[in-house]
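Open the structure in your viewer and keep the selection tool ready. This tour goes stop by stop.

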Amino acid sequence: MQQSSNMSSLRKSGLQKDVLNLYRRALRMVKTKPVSSQHKFSLFVRYTFRTNASSVSPRNVSAIEHLLRKGKKQLELYEEPSVKDCWVSEEMKRWDESSKMRLPGDTKDTSGT
């Protein structure tokens, strides 16, 4: 517990703030969608951020910037009021189920990659 409070109190870089802002914006977008599809949008957002975060080194600034640009463009599309639903893969569903089984604070990767 002590370590996590120390981590959150550290000053974040501009890039970290950009990623967090994009994540928050994506979560706000989920709330604008029909209740029947909010779980799928939420799963898509969580899965995408988690898999991208685990596949890129925190020091690889150009890759992170690329993912940010790609994520912003994708989010702009999903924010359109005409978008009412999204597709989630079987892999995303399995990831969601396995993440529900893990204990809070468990950081082991069970994505299968």
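Start by selecting Asp 96 and Arg 46: their side chains meet in a salt bridge, 3.0 Å from N to O. The pair ties together distant parts of the chain, with Asp 96 in helix α5 (residues 90–101) and Arg 46 in helix α3, 50 residues apart. Keep in mind that this is a predicted model.

Buried or exposed: which is Asp 96? Asp 96 is buried, at a relative accessible area of 4%. Arg 46 counts as partly exposed, at 24%.

Lys 100 is exposed at 52% relative accessibility, while Glu 97 is partly exposed at 43%. Now show the four together: Arg 46, Asp 96, Glu 97 and Lys 100 are linked in a network of salt bridges.

Next, select Glu 79 and Arg 25. Here is another salt bridge, 2.8 Å from N to O. Glu 79 sits in helix α4 and Arg 25 in helix α2, 54 residues apart. The whole structure holds six salt bridges.

Finish on helix α2, residues 14–31. Select Leu 22, Ala 26, Met 29 and Val 30, the buried residues of α2. They span an arc of only 105° around the axis, so they lie on the same side of α2. They pack against α3 (35–55) and α4 (61–79). Turn to the face of α2 away from its buried side: the exposed residues there are Arg 28 and Lys 31.

How values were computed. Residues are numbered from 1 along each chain as its sequence is written. This is a predicted model: local features need pLDDT of at least 70, side-chain atom pairs count only at pLDDT 80 or more; totals for chains, interfaces and linings use all residues. Side-chain values use heavy atoms; hydrogens and water are left out. Buried means under 20% relative accessible area, exposed over 50%, partly exposed in between (1.4 Å probe, protein chains only). Helices (H or I, at least four residues) and strands (E, at least two) are DSSP runs, numbered from the N terminus. The arc is that of the directions from the helix axis to the C-beta atoms. Contact means heavy atoms within 4.5 Å.
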